[in-house]
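This report describes selected strands, a helix and individual residues of one protein model. Please consult the sequence and the structure shown below while reading.

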Amino acid sequence: MFVLKDGSLVQMKASQFAKEDDFQSLLEQHPELLVGELVDPEDPRRWLLVTREIAIPSEPGGGGWWSADHLFLDQDGIPTIVEVKRQSDTRLRREVVAQMLDYAANAVACLPASSIRSSFEETCARCGKDPDQELQKSFGNNVESAKFWQQVKTNIEAQRIRLLFVADAIPRELRRIVEFLNRQMNPAEVLALELRHYSGENGLRTLVPTIYGQTEEARGIKSAASASTVTWDEESVFERLALKATADELAAARSIVNWMKARSKIRFGHGKQEGSINSSFQSDGEKLYPLSLSSAGIVYVYFGYCVRGRFKDAAKRQEWLSRLNEIPEVRLPADSCDKYPGIQLAVLAPTERLAAFLKVMDWFVSELG
């Protein structure tokens, strides 16, 4: 593998993490490495870290009997249990599968949503962060804490969870097991994420993600069985949006979607309560997902799904953020350049603000080359 840097090729050599804790810490600090657009290309997953070393009891109300490496939640409140192993760990073949099935079976039976929420709040307290603000940073300003945690509870009761094996190399034996389990288990999802690790001169490191288990057959089985999932299209998104938006907001939404269709490929989300229209671009062989229009009346700017290609450089994303914040009444948080903040359509409805917003997005496209 080579990286093109300042006009020169830098050779990157395959390497391993020195310690499993280094690998786990990297995921804790950078949840985006779980690559939500690989897990769900049509509605990329966003992640909220609940805690590392989540204790899972073997009976209701009991103490922790097992300890999974990480517990994340996605924007639909689906618990995602992550187990990390280095390729040198011989348990990566069969033992880890039995381990994860133990976690899953006991989590849905004995780990209530209230305990998950308490663990999340303890994580926030250790870092001096506000739990509700962390929810909004990960999932947008319109997320309602009470509704979100109720959705987590509903998912656990329905056994709707995700098991995610993460390793720097996924052996063939594990791939086959994961693909088999993901076809058979429903509504639970079983995936394996390979993060190939390469290092080069001056401390340069590269991680290359590949997902396993997400076959078209498995997707079809789960889509057919998920009666609560809505199949959204442009018409249904706007029908839902019209229930709460003003005429000016609807006009702004239509202009933004027309911009998306003229300049990018679009995908439709399959949220259970709200639909979305999402833009997709290519840059240096990488997919970027900069914008999402939600039927909740919010335009999400997905900085976190543009940490690649021409916008891999944080300074470039910071410039994008600064340009957006120059628009009157747009006040995205200063630390948004790795996150997924939202802008209410009401803010963009005035003609001059909408024009300024689309001008910034035209700049974004021009920077893709």
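## Helix H9 and its cover

In helix H9 (residues 234–242), the buried residues are Glu234, Ser236, Val237, Phe238 and Leu241. Buried denotes a relative accessible area under 20%, exposed one over 50%, and partly exposed the range in between, with a 1.4 Å probe and protein chains only. Helices (H or I, at least four residues) and strands (E, at least two) are DSSP runs, numbered from the N terminus. The cover over the buried residues of H9 includes helix H10 (247–263), strand E10 (265–268), strand E11 (276–283), E13 and helix H12 (345–348). Contact here means heavy atoms within 4.5 Å.

## Basis of the values

The model is predicted: local features need pLDDT of at least 70, side-chain atom pairs count only at pLDDT 80 or more, and totals for chains, interfaces and linings use all residues. Residues are numbered from 1 along each chain as its sequence is written, and side-chain values use heavy atoms, with hydrogens and water left out.

Strand E1 (residues 2–5) runs antiparallel to E2 and is joined to it by four bridges; strands count as paired if DSSP finds at least two bridges between them. Lys5 has Ser8 in E2 as its bridge partner. Two residues lie between the strands of this hairpin, in which Asp6 adopts a positive phi near 50°.

Leu9 is located in strand E2 (residues 8–11). With a relative accessible area of 60%, Leu9 is exposed. Together with Phe2 and Leu4, Leu9 forms a nonpolar surface patch with about 380 Å² of accessible area. Such areas come from the Shrake-Rupley method with a 1.4 Å probe, and for residues only the protein chains shown count as cover. Patches consist of residues with over 30% relative accessible area and no salt bridge, where like charges are joined within 9 Å and nonpolar side chains (Val, Leu, Ile, Met, Phe, Trp, Tyr) within 5 Å.

In strand E6 (residues 79–85), seven of seven residues are buried. One face carries Pro79, Ile81, Glu83 and Lys85, and the other Thr80, Val82 and Val84. E6 pairs with E7 in the parallel sense over six bridges, and Thr80 has Arg162 in E7 as its bridge partner.

Asp168 occupies the loop between strand E7 (162–167) and helix H7 (172–184). Its contacts, leaving aside residues up to four places away in sequence, include Lys85, Arg86 and Glu194. Asp168 is buried yet has no salt bridge, and Arg86, the nearest side chain of opposite charge, is 6.4 Å away. A salt bridge requires a side-chain nitrogen of Lys or Arg within 4 Å of a carboxyl oxygen of Asp or Glu. For charge, Lys and Arg count as positive and Asp and Glu as negative, while His and the chain ends are not counted.

## Strand E14 and its partners

Strand E14 (residues 298–301) is covered on both faces, with Ile298 and Tyr300 buried on one side and Val299 and Val301 on the other. Four bridges link E14 to the antiparallel strand E13 (residues 291–294), and Tyr300 is the bridge partner of Ser292. The hairpin of E13 and E14 has three residues between the strands, and Gly297 there takes a positive phi near 90°. E14 also pairs in the antiparallel sense with strand E15 (residues 342–344) over three bridges; Ile298 stands opposite Gln344 in E15.
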